[in-house]
Amino acid sequence: MKRVQDFRVKHYRRLNSDNYILTLSSDSDVEIVKPGNFAEIKIPDTPDVFLRRPISILDVDHNANTISFYIKAVGKGTRKLGTLAINSVVNIVYPLGNSFTINKQKNVLLVGGGSGIAPFILLANKLKNENTAITFLIGARSKGDVFLTDEFSKYGNVLITTEDGSFGEKGLVTQHSVFTDSFNFDHIYTCGPDPMMKAVAKIANKKYINCEASLENMMACGIGACLCCVTPTIAGNKCVCTEGPVFNTKELKW
Ligand SMILES: Cc1cc2nc3c(=O)[nH]c(=O)nc-3n(C[C@H](O)[C@H](O)[C@H](O)COP(=O)(O)OP(=O)(O)OC[C@H]3O[C@@H](n4cnc5c(N)ncnc54)[C@H](O)[C@@H]3O)c2cc1C
Ligand code: FES
């Protein structure tokens, strides 16, 4: 159920100067969250950052009443969220949006870049419960931009590409050797920059593999009212905040 809830900053895990994991805790229960859901986070004590910021839910712990987010600091809001004092109050609206489809697939590929890797922990957890074999393919500029691989390796095989070749194979994710002519997956999930997701969708379509992409369009209201997040689909424009963020790529007019 969608809820507005006050949490407190419990812990920061610094991944590098711009990337961090923020864990928030609550005195009350944390809602059930599905893989792909996101939260709209109010930025505390920053009146000029008026709109809440959409951030994917990385993980929840129902025993400890915690929720966590992987955040890349790109502007005022995401920088402020990384500098709060422990115990500061953070108000969030969650869980928002739809979620990835899980259909007892045998063998799936999860392709992520940048902050797009965030929904993959909850997704991998659900897939593991279905005994699905998981391959992660993570793309980054350089070795220092590759995060969460230890966490991913608990769920499956982790493949890396970096643009400068400092870690894993050199090149873009779509140039990885996993995409040979004989590659075969039941389903591909992707989240990250639009050009990456479009290239992944193209490969999936060519091989007749079902592919879902989680879009990160800019958002304002987060509740389907302002229409600033719309994406064109074969069924007309759809709001990414309420009808997404996850879309079957065959639906998208890319
Ligand atoms: C459904 C959804 C899930 C997301 N999940 C995550 C996540 O898990 N972790 C994470 O770090 N970020 C995530 N984002 C992106 C995040 O919402 C933006 O980075 C954030 O709103 C920027 O706020 P800001 O105040 O720091 O930056 P601003 O000052 O608002 O903007 C700074 C720069 O970031 C760019 N920017 C702003 N919003 C976006 C966006 N949505 N996508 C790409 N560039 C943007 C602006 O063009 C500008 O160049 C998600 C976005 C969506 C829509
Ligand atoms: S953000 Fe306003 S309609 Fe989606």
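## Starting at Thr190

Leaving aside residues up to four places away in sequence, Thr190 touches Val111, Gly112, Met197, Val200, Cys211 and Ala213. Touching, or being in contact, means that the C-beta atoms of two residues, placed from the backbone, lie within 7 Å. Thr190 sits in strand E12, which covers residues 187–191. Helices (H or I, at least four residues) and strands (E, at least two) are DSSP runs, numbered from the N terminus.

Is Thr190 buried or exposed? Thr190 counts as buried because it has 25 C-beta neighbours inside 10 Å. The cut-offs go like this: buried takes 20 or more other C-beta atoms within 10 Å of the residue's own, exposed takes 12 or fewer, and partly exposed is in between, with C-beta atoms placed from the backbone. As for Tyr12, 178 residues away along the chain, its C-alpha atom is separated from that of Thr190 by 26 Å.

## What you're looking at

This is a predicted model, where local features need pLDDT of at least 70 and side-chain atom pairs count only at pLDDT 80 or more, while totals for chains, interfaces and linings use all residues. Residues are numbered from 1 along each chain as its sequence is written, with chains lettered from A and ligands numbered from 1 in the order in which they are written.

## The whole chain

The protein chain has five helices and 16 strands. Of its 254 residues, 41% count as buried. Its C-alpha atoms fill a box of roughly 50 × 40 × 35 Å along the principal axes. Take contacts between residues at least 6 apart in sequence: 60% of them join residues at least 24 apart.

## Two domains

The domain assignment gives domain 1 (3–96) and domain 2 (107–213); such bounds come from an automatic or database assignment. The C-alpha centres of domain 1 and domain 2 are 25 Å apart.

## Around ligand 1

Which residues are closest to ligand 1? They're Gly75, Gly77, Thr78, Ser115 and Ala118, out of 22 that surround it (C-beta atom, placed from the backbone, within 6 Å). By class, this shell has 12 nonpolar, six polar and four charged residues.

Notes: Nonpolar A, V, L, I, M, F, W, Y, C, P; charged D, E, K, R; others polar.
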